[in-house]
Every structure is written in structure tokens, then in C-alpha cells.
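Hello,

Here is the structure I promised to pass on. My notes follow below it.

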Amino acid sequence: LPAAATTAQSFQSDGGPVPLADSIVIEKKAHRLTLYHLGRPMRSYLVALGSPVGDKLAAGDRRTPEGVFSIEGRNPNSEYHLALRIAYPDSAHRARAQKRGVAPGGDIEIHGLVNGQGSRGAYHRTVDWTDGCIALTDEEMDEIWSAVQIGIPVEIKA
């Protein structure tokens with residue numbers, strides 16, 4: 001797992017505000033979320049996940065799903081500091097869960113820390129603590145919130 005003190009890595013040369021992202025890539029093994037604009041990485045963040053090993057198989061398995069999804073909603077009143085809802089499960093995950101006789105799970109989000117716990121900051125990354133979501137510091141989530149609109153693709157890689 002990455003060191004807790006590591007902060008967002010900017011790919012911008014001007015250090016200005018983050019432009020609108022047109023896609024997001026999450027690399028589970030690297031614990032990294034990268035915002036892209038016109039195919040170029042513009043900002044990268046270290047994240048905490050659910051279980052980083054393997055694709056999500058069923059509700060309650062704590063795994064972060066893998067695949068290509070999209071942002072389907074924004075929740076400014078989440079129990080976490082802001083939340084971007086990922087369109088999971090997709091048809092492939094639903095079919096696989098149905099074949100196994102289990103529920104596929106849901107409520108997968110990119111979010112900040114639990115409300116009232118923002119002071120934990122980067123320390124939260126020392127352990128994967130979510131139930132399958134992608135978690136950042138509140139300050140990082142503020143940046144992402146301003147750069148991401150509903151409908152952009154989200155690729156979650158192993």
C-alpha cells in the first residue's frame with residue numbers, strides 16, 4: 001500500500017485549477033485514481049479501496065469492482081464528504097452474480113472520508129477500509145468533485 005504521506009500528483013504545468021475531466025482510470029494494484037482530459041493524465045491521487053484483490057463477485061465481499069463504468073450521480077449529502085456514484089453493477093456483473101445465485105452488490109462510489117473524520121487526512125490510506133468504494137481525502141475529493149461531471153467513463157483496472 002502506498003505511504004500515507006504521499007499526496008496528489010499533478011500532471012499540470014501551470015499549477016492552476018483542475019480542468020474538467022473526460023475520463024477516470026483507477027488502478028487497484030497501484031491504489032491510484034487518475035483524471036484524464038483529452039486523453040492526457042492531468043491529476044493523480046492515491047486512494048483507499050475495499051479489497052484490492054479480484055473483481056467484485058457479490059454483495060458484501062468488500063471488493064472494488066473491475067471494468068468500464070460511468071459516473072451516474074453526484075451526492076453532496078452523502079455520509080461521506082461528497083460522493084460520485086459509479087454505474088455498478090453493469091450487465092456483465094449482474095449476469096455473473098445471477099448465475100452464481102447471489103446479489104451483485106451496488107452503491108459503489110468515489111468519495112471522501114466519513115463526515116466528521118476529515119482530520120484523518122492521508123492517514124486513511126494506510127489500510128483498505130471501504131466496502132468496495134474508492135476513498136480519498138476530503139481536499140482531494142473537493143478537487144475531483146469540481147472536475148467530474150455525470151456520464152464520464154470510469155475504468156477500474158486490477
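**Ser51 and its surroundings**

Beyond the residues up to four places away in sequence, Ser51 touches Lys28, Arg62, Arg63 and Thr64. Please keep in mind throughout that this is a predicted model. Ser51 is found in the loop between strand 4 and strand 5. Its relative accessibility is 24%, so Ser51 counts as partly exposed. One of its contacts, Arg62, is eleven residues away in sequence. In space, the C-alpha atoms of Ser51 and Arg62 are 5.6 Å apart.

**The chain as a whole**

The secondary structure comes to two helices and nine strands. From the N terminus on, the order is β-β-β-β-β-β-α-β-β-α-β. The chain has 158 residues, and 44% of them count as buried. The accessible surface comes to about 7,700 Å². Carbon and sulfur atoms account for 51% of that surface. Now take the contacts between residues at least 6 apart in sequence: 65% of these join residues at least 24 apart.

**The nonpolar core**

The largest nonpolar core has 28 residues. Which of them touch the most other members? They are Ile24, Leu33, Leu35, Ile86, Ile110 and Ile134. Two or more residues come from each of strand 2 (23-27), strand 3, strand 4, strand 5, strand 6, helix 2 and strand 9 (153-157). Helix 2 gives the most, with four residues.

Ile134 is worth a look on screen. Leaving aside neighbours within four places in sequence, its contacts include Ile26, Leu33, Val47, Ile86, Ile110 and Ile156.

**Helix 2**

The buried residues of helix 2 are Asp138, Glu140, Met141, Ile144, Trp145 and Ala147. They pack against strand 3 (32-37), strand 4 (40-46), strand 5, strand 6 and strand 7. As a reminder, an α-helix has 3.6 residues a turn, so residues three or four places apart point the same way.

Is Glu140 buried or exposed? Glu140 sits in helix 2, which spans residues 138-147. Its relative accessibility is 7%, under the 20% limit, so Glu140 counts as buried. The side chain of Glu140 makes a polar contact with the side chain of Arg125, at 3.0 Å.

The charged end of Arg74 sits over the ring of Trp145, 3.9 Å from the ring centre.

**Aromatic pairs**

How many aromatic pairs does a search of the whole structure find? It finds two.

Phe69 and Tyr88 form an edge-to-face pair. Their ring centres are 5.8 Å apart, with 75° between the planes. This pair links distant parts of the chain, 19 residues apart. Phe69 is in strand 5 (residues 67-75). Tyr88 is in the loop between strand 6 (83-86) and helix 1 (91-100). Both Phe69 and Tyr88 are buried.

Tyr80 and Trp129 form a tilted pair, because their planes meet at 40°. The ring centres of Tyr80 and Trp129 are 6.3 Å apart. Tyr80 lies in the loop between strand 5 and strand 6. Trp129 lies in the loop between strand 7 (109-111) and strand 8 (134-135). The pair therefore ties together parts that are 49 residues apart in sequence. Tyr80, at 19% relative accessibility, counts as buried. Trp129, at 26%, counts as partly exposed.

**Backbone points**

- The peptide bond from Tyr88 to Pro89 is cis, with omega near 10°. Pro89 lies in the loop between strand 6 and helix 1.
- Leu38 has a positive phi of about 55°, although it is not a glycine. Leu38 is found in the loop between strand 3 and strand 4. Its relative accessible area is 68%, so Leu38 is exposed.
- Asp107 also has a positive phi of about 55° and is not a glycine. Asp107 lies in the loop between helix 1 and strand 7. With a relative accessible area of 51%, Asp107 is exposed.

Best wishes

Notes: Residues are numbered from 1 along each chain as its sequence is written. This is a predicted model: local features need pLDDT of at least 70, side-chain atom pairs count only at pLDDT 80 or more; totals for chains, interfaces and linings use all residues. Side-chain values use heavy atoms; hydrogens and water are left out. Buried means under 20% relative accessible area, exposed over 50%, partly exposed in between (1.4 Å probe, protein chains only). A polar contact is a pair of N or O atoms within 3.5 Å; within protein, one must be able to donate a hydrogen and the other to accept it, and residues adjacent in sequence count only if both atoms are side-chain atoms. Rings of Phe, Tyr and Trp (its six-membered ring) pair if their centres lie within 6.5 Å; planes under 30 degrees apart count as stacked, over 60 as edge-to-face and the rest as tilted. A charge sits over a ring if NZ of Lys or CZ of Arg is within 6 Å of the ring centre and within 35 degrees of the ring normal. Contact means heavy atoms within 4.5 Å. Accessible areas come from the Shrake-Rupley method with a 1.4 Å probe; for residues, only the protein chains shown count as cover. A nonpolar core is a set of buried Ala, Val, Leu, Ile, Met, Phe, Trp, Tyr and Cys residues joined through side-chain atoms within 4.5 Å.
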